[in-house]
Amino acid sequence: MGIVFVQTTPDKALPLLWDGNRNALKADPAWAPFADYWYYQNLGLSALYSSIEQFTKIPDCIIQNNRVLQPNLSTNNTTLTISSLGGTRLLTTKEVEAFRLTLSLPGLYAINDKTGYLSTTVSVGIYCRVYNPADPNNTTNPWHVVNANYAISGKQRAEILKTIDSGDLRNVGLLSKPEYLDILIVRNTPSHTGNMKIIDEVYVKELTEINYAQIAYNNTALLGVKIRATDQLSGQPPTITTLVKGTKIAIPSNMEGVERYNADGSYNAAGIQAAYAAGWTDGKLTWDEVSHTGTKYWSDNPVWCLYDLLTNRRYGLGQYYPINPDKLGLMQAQFYLMAKYCDEPVEYIDSTGATDVVKYRPRFALNIVLDQTKSAAEWVSQICTCMRAVPFYSEGIFWIDIDRPKLPTQIFNMSNIKDYSQAGTSYRQIPNCMEVQYINPLQNYEIDSFRLESKELQNNPQLEERTKALMLVGVTNFDQAKALTKFTLLAAQNRAKMVTFKAGSDVIRSMVTDVIGIQHDVPQNGYGGKVVAVEEDGTVTLSEPVTFDSLMSYYITLSDAAAVSETVQIYPTEYGVPCSTISPISVTSNTGEPYVANPGNNYIIGIASNSVALYRIASLKRDQDAMCEVTAVDYYEDLYTAADSTKDMGILVIPNYSLLQNPLRSSVTGVTASPKIYQDSTGSWKVGVDVFYDPPKNNSFWKGAMLYYAKSGTTNYQVLPENSKGSFLIPDITDPGQYTFIVTSTYTSGKQTVDDALNDMQRHPWTTEYINIYLPNDAFLEGVIALGIENQANDGTFLGKDCIVTWKRPAAIDAILSTSAGDETLGAGVDSAGEWFKEYQIEVRGLDGTTRRTLRQLSERFVYTHEMNYEDGITRSFTVTVIAYDRLGRSSAPKTITCSNPAPPAIS
């Protein structure tokens, strides 16, 4: 949608429509029978428009016979047409019927050495003619004389303002209808440049364009309503709401003719993306605001709506913030990239029907009515809120930039950072709940509201609620409002750190909203410096020695004056001692070209893939000592994915760049869990879990820990109260399965959330364990069953060289662990006896009772080989005793069998 300007209608008014072109307002065809009656009501109002120009000095010229004469030169050489040379040339920005000119003289006086200040006079000529865009030199239309000799006299050292009114130019036959005008102001009095005794320079200060159209509200769409008086309408007239599509604006040429929405109201994602894929080949917009040529189209892309507001000279800021033509192309290119990001299709769930349907919407759309008196900055800021953008003023023009994923533009480290400091947001200033207002089409476009809570608040109702309000004027899609709210909430919770540092203004090549990489020794996020030298074999020498650990993987990021390279793994040449050399580096840059380390490159080295801490520039300020102060906040790319996700809050993984623990976010370490079977005070057996942890060291902010546990894959956590003992006991587990145990920390200023603990990949304050529900049975104490010789009668006699003894586990185990096919906890065909019954002990003794061999095993089959018998001292008879042990350390009753190997019969 575009921008619609609405005013209260008088009791009589002609409904007019603005077609977005130079024709401005025109009558609604539906009201054609009444056009004459309404249009010729003489309301006595004139539309006046002021166009503030920069002070323009009027040069020294004289006009004669439609030609400019420069008095300092000969007549033969200076008879030039007015259209090509002379005077101050102005072009009205709108179709007008008259104009009012304001001239400024900083002073007007002459100085006589004897008598002092004297009065003096200066004369200018004022001319105008109809502007002809088909003729650049405009030689076909004659000049009309407004005042050939407008004299200004006086003796004044302060500013003098003079106003000249052209009168209705239709009365002199110059105009037959509202048209564009060329206005020429020439100086008749020779200038006195360089003569300090005569001050009479004349400047153009302001041009007021006048249109005598007989309408009460110019350039405004009005609605006339005739209502029959009834008893129900007594008191005051009813409230009437109209649904408008909005004004037309300039869009990129490659989007011309592409409908934004299909006939059924769905987003035309395929057509929009195809237009972007085709490319913006000519880099032009469909409408030129300066020349008023081209065609405007309807669009609800907030970027182009804001561009229209910034550049439009009638209702926008175009006349107050003129854009340097040399920078206009750069501005349009920047806006195009942001508009493309806004138009990317985002999946959402439509729940308005009988069943939920997956649909697509543009990431950001704008539907707003500018019907209140606000400053330009307020409206710009309001529109920016609808697309997650930040407005800022730079190099004489308004810039905006959408908070979106970006590649880092450069890196800063100890070699180019001065006066580094960092600060965090107070815990109580971070909201955990958002109350949002937006325009709901399903509620007759009335303001609707909803509430979004963080997972921390959802999981812990006892937590203090910190609510922040968010007003989304211009957002009419619930899912867009929800995505903006999710981003605001997640950003507030995870962009809590701000860094400030100074760097030489000659090394800054970034702007506000750019992403940069930072390394500094204070937070110890990596090690940084400059590349000193690169040997022929590719070995790189660093400016600062680094101590490498052989158990860690190290990564490096390089940056030169043009770009930041990818982060890649490196291979140090030494470990355990400070060294400055690493193996050859050859990586691929962001442009896809090979990038090799060169002397002078900035580098940052760190462990894991997070060797560079990323920040987003919030402000740049030039200091008096030729330094530039940079303020930046945390940057996490997962924020954008989480915001667009259809889930309530999404999963956000926050990397830990620092080698130091954050004292307000430090986690416990060494989390372990083990099942525990015990008897309670009543003698009943219980299955519990012991969870152990190590508290953070040397942290005065840490108070204690809380235990959250649930079956893996679920978030239905149960919680044990806070303690600082280093362990928890879960007294009873009744449902077997895989469990996740999470130990969160509590601090003097707040609590760590479950998500924070899960996201702390370095300290890993959680563990998982499979819990079986086995309650001890005294039948286990009876020992193993079916003890005998394999494939032999159970008289203990075995044949051959080896004695193979087999048995079965205690009957109590079979009764408890019997399962049907498909229900096995360790996989098909595998029971979980090993989860609770640790092992079997086998003892081999001689018949005299001496122990020949003792061993432990899991198998229910023992082979006493001839070689073992030989090692133990050969005997034909011995006993084998089997004892079962469980995880609790209990042993069953021993079961023994006497084994005998009869001698072969004598040879006959």
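Me: Which residues form a nonpolar patch on the surface?
Reply: Leu223, Val225, Ile227 and Ile240. Together they have about 330 Å² of accessible area. Patches take residues with over 30% relative accessible area and no salt bridge; nonpolar side chains (Val, Leu, Ile, Met, Phe, Trp, Tyr) are joined within 5 Å, like charges within 9 Å. Accessible areas come from the Shrake-Rupley method with a 1.4 Å probe, and for residues only the protein chains shown count as cover.

Me: Where is Val225 found?
Reply: In the loop between strand 17 and helix 2 (269-278). Helices (H or I, at least four residues) and strands (E, at least two) are DSSP runs, numbered from the N terminus.

Me: Why does Val225 count as partly exposed?
Reply: Because its relative accessible area is 46%. Buried means under 20%, exposed means over 50%, and partly exposed is in between (1.4 Å probe, protein chains only).

Me: What kind of model is this, and how are residues numbered?
Reply: This is a predicted model, where local features need pLDDT of at least 70, side-chain atom pairs count only at pLDDT 80 or more, and totals for chains, interfaces and linings use all residues. Residues are numbered from 1 along each chain as its sequence is written, and side-chain values use heavy atoms, with hydrogens and water left out.

Me: OK, whole protein now. How many helices and strands?
Reply: There are 12 helices and 56 strands. The protein has 908 residues, and 43% of them are buried. Its accessible surface comes to about 46,100 Å². Carbon and sulfur atoms account for 51% of that surface.

Me: What about the inside? How many residues has the largest nonpolar core?
Reply: It has 68 residues. A nonpolar core is a set of buried Ala, Val, Leu, Ile, Met, Phe, Trp, Tyr and Cys residues joined through side-chain atoms within 4.5 Å. Among those with the most contacts inside this core are Val303, Trp304 and Phe335.

Me: What does Val303 touch?
Reply: Phe335, Met338, Ala339, Cys342, Met387 and Ile402, not counting residues up to four places away in sequence. Contact means heavy atoms within 4.5 Å. There is also a second, separate core of 25 residues, which includes Leu90, Phe99, Ile126 and Val204.

Me: Why would such side chains gather inside?
Reply: In soluble globular proteins, nonpolar side chains tend to be buried together.

Me: Switching to Cys128. Buried or exposed?
Reply: Buried, because its relative accessibility is 0%. Cys128 is found in strand 12 (residues 120-130). Its contacts beyond four places in sequence include Phe99, Trp143, His144 and Leu169. Cys128 and His144 are 16 residues apart along the chain, with their C-alpha atoms separated by 5.2 Å.

Me: Now charges. How many salt bridges does a search of the whole structure find?
Reply: It finds 29. A salt bridge is a side-chain nitrogen of Lys or Arg within 4 Å of a carboxyl oxygen of Asp or Glu. One of them joins the side chains of Asp200 and Arg187 (2.9 Å, N to O). Asp200 is in the loop between strand 16 (198-199) and strand 17 (203-211), and Arg187 is in strand 15 (residues 181-187). Both residues are buried.

Me: What about Glu465 and Arg451?
Reply: Their side chains also meet in a salt bridge, at 2.5 Å from N to O. Glu465 lies in the loop between helix 6 (455-459) and strand 29 (467-472), Arg451 in strand 28 (residues 446-453), so the pair ties together parts 14 residues apart in sequence. Glu465 is partly exposed at 41% relative accessible area. Arg451 is partly exposed too, at 36%.

Me: And which residue forms a salt bridge with Lys711?
Reply: Asp735, with the closest N and O atoms 3.3 Å apart. Lys711 is in strand 44 (residues 702-711), and Asp735 is in the loop between strand 46 (727-730) and strand 47 (737-747).

Me: Last topic, phi. What is the phi of Arg388?
Reply: It is positive, about 60 degrees, although Arg388 is not a glycine. Most residues other than glycine have a negative phi, and most peptide bonds are trans. Arg388 is found in the loop between helix 5 (376-385) and strand 23 (389-394). Arg388 counts as buried, because its relative accessibility is 10%.

Me: And Ala786, buried or exposed?
Reply: Exposed, with a relative accessible area of 53%. Ala786 has a positive phi of about 55 degrees. Ala786 is found in strand 50 (residues 785-789).
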